[in-house]
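This briefing goes through a protein model in order: overall makeup and confidence, then helix packing, then individual residues, and finally backbone geometry. Please keep the sequence and the coordinates at hand while reading.

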Amino acid sequence: MTRSRPTTAWGVRMAFMGRPGFGRGRPGPRHSNRIPLPPEGEPGFLVFESMTPADVNEVAEIEEASFPTPYTPQIFRDELREGWPACWWVVRHDDGRGGRGPAPIVAYIGYYLQRDRAHIAKIATHPGWRRRRLGEWLLLNTLLVAREQGAAYVSLEVRESNTAAQRLYFKWGFVQLRRFRGYYEDTGEDGLILVFTGLADRRTASRLRQELAGVEIVPPAG
Ligand SMILES: CC(C)(COP(=O)(O)OP(=O)(O)OC[C@H]1O[C@@H](n2cnc3c(N)ncnc32)[C@H](O)[C@@H]1OP(=O)(O)O)[C@@H](O)C(=O)NCCC(=O)NCCS
């Protein structure tokens, strides 16, 4: 998504860095939700919660499998250390059988908040969980969480070749705002800037809540 840390096309991080009091370990607001998974009556569920340093290696494995120029574990650690206004979340799959240790991470997302804007830097689902509606659940859930945090609109960058992600964003109401020619240094391809607006509108929020409730995630067998 972003070509490399720490800048984005709109310089979101740059706008914060160097400001007195920027980040430095201040935690963002806590937020957590759980949703039960099919088949109905089975104990499995997904948990959406803050990413912690203990999650970094697992997240970096999904990252490695998902992006041509992945963030290293150290970049994730730095992101978490810098803290708010960077918001990093993971989704865990808890099979409800009470196994040892934290449930495995199946998706993650990170964004920066700047006044009324949230800029998504990363979103990825575990390769074994793709095309199961987890990506759209994570995106819609994040729009609502960002709204609670004061975001009125959400922006992101996507590679021109990444049609899977583009379809996900367009399906849920993002529109293309700009194209940056040759934005990605690794492949030289263009970057598209997409935005989702109207998040402050109560009708948008209630539509998103409804859509979110209707997303049926189908976990992989086994
Ligand atoms: C993009 C990504 C997050 C989608 O996650 P996912 O869990 O597979 O997506 P979902 O199952 O929720 O799919 C939701 C919608 O996204 C679109 N989509 C997702 N994967 C797609 C694919 N391979 N081909 C075409 N459309 C796709 C579709 O519109 C789909 O809705 P539909 O099934 O009704 O057509 C996932 O493919 C991923 O992690 N990719 C690697 C990292 C990445 O590219 N991140 C985005 C950077 S901008």
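**Overall makeup and confidence**

Of the 222 residues in the protein, 33% are buried. The model is a predicted one, with a mean pLDDT of 86 for the protein and with 85% of its residues reaching 70 or more. The secondary structure comes to six helices and eight strands, and these elements follow one another from the N terminus in the order α-β-β-α-α-β-β-β-α-β-α-β-β-α.

- Among the contacts that join residues at least 6 apart in sequence, 64% are between residues at least 24 apart.
- Over residues 3–27 the pLDDT stays under 50, and for this stretch the model has 43 contacts beyond four places in sequence.

**Packing of helix 2 with helix 3**

- Helix 2, which covers residues 56–64, packs with helix 3, which covers residues 73–82, at an angle of about 125°, and the axes of the two are 9 Å apart.
- Because of that angle, helix 2 is oblique to helix 3, and the crossing in which helix 2 passes helix 3 is right-handed.
- On the side of helix 2 the contact is made by Val56, Asn57, Val59 and Ala60, and on the side of helix 3 by Pro73, Phe76 and Arg77.
- Sorted by class, the residues in this contact of helix 2 with helix 3 are five nonpolar, one polar and one charged.

**Packing of helix 4 with helix 6**

- The axes of helix 4 and helix 6 (residues 202–214) come within 10 Å, and they cross at roughly 150°.
- Helix 4 passes helix 6 in a crossing that is left-handed.
- Helix 4 brings Trp137, Leu140, Asn141, Leu143, Leu144 and Arg147 to the contact, while helix 6 brings Ala205, Leu208, Arg209, Glu211 and Leu212.
- By class, this contact of helix 4 with helix 6 has seven nonpolar residues, one polar residue and three charged residues.

- Val91 lies in strand 3, which spans residues 86–94, and it counts as buried because 25 other C-beta atoms are within 10 Å.
- The C-alpha atoms of Val91 and Val47 are separated by 5.4 Å, although the two residues are 44 residues apart along the chain.
- When neighbours within four places in sequence are left aside, Val91 is in contact with Leu46, Val47 and Phe48, with Ile105, Val106, Ala107 and Tyr108, and with Leu138.
- Leu134 lies in helix 4, which spans residues 134–148, and it counts as buried because 21 other C-beta atoms are within 10 Å.
- Between the C-alpha atoms of Leu134 and Val106, which are 28 residues apart along the chain, the separation is 8.7 Å.
- Not counting residues up to four places away in sequence, Leu134 touches Val106, Ala107, Thr125, Trp129 and Ile217.
- Val106 and Ala107 are among the residues in contact with Val91, and Val106 and Ala107 are also among those that Leu134 touches.

**An exposed loop residue**

- Gly98 has its place in the loop between strand 3 and strand 4, the latter covering 105–114.
- Gly98 counts as exposed because it has 7 C-beta neighbours inside 10 Å.
- From C-alpha to C-alpha, Gly98 and Pro43 are 9.9 Å apart in space, and in sequence they are 55 residues apart.

**Backbone geometry to check**

Most peptide bonds are trans, and most residues other than glycine have a negative phi. The residues below depart from one or the other pattern.

- Trp84 and Pro85 are joined by a cis peptide bond with an omega of about 15°, and Pro85 is found in the loop between helix 3 and strand 3.
- Arg131, although not a glycine, has a positive phi of about 55°, and its place is in the loop between strand 5 (117–125) and helix 4.
- Arg131 is exposed, since 9 other C-beta atoms are within 10 Å.
- Arg133, which is not a glycine either, has a positive phi of about 75°, and its place is also in the loop between strand 5 and helix 4.
- Arg133 counts as partly exposed, since it has 15 C-beta neighbours inside 10 Å.

Terms used:
Residues are numbered from 1 along each chain as its sequence is written. This is a predicted model: local features need pLDDT of at least 70, side-chain atom pairs count only at pLDDT 80 or more; totals for chains, interfaces and linings use all residues. Axes are lines fitted to C-alpha atoms, for helices over the stretch in contact, and angles run from 0 to 180 degrees between N-to-C directions. Helices (H or I, at least four residues) and strands (E, at least two) are DSSP runs, numbered from the N terminus. Angles under 35 degrees count as roughly parallel, over 145 as roughly antiparallel, 65 to 115 as roughly perpendicular and the rest as oblique. A crossing is left-handed if the near helix is turned anticlockwise from the far one by less than a right angle, and right-handed if clockwise. Two residues are in contact if their C-beta atoms, placed from the backbone, lie within 7 Å. Ala, Val, Leu, Ile, Met, Phe, Trp, Tyr, Cys and Pro count as nonpolar, Asp, Glu, Lys and Arg as charged, and the others, Gly among them, as polar. pLDDT is the predictor's confidence in each residue, from 0 to 100. A residue is buried if 20 or more other C-beta atoms lie within 10 Å of its own, exposed if 12 or fewer, and partly exposed in between; C-beta atoms are placed from the backbone.
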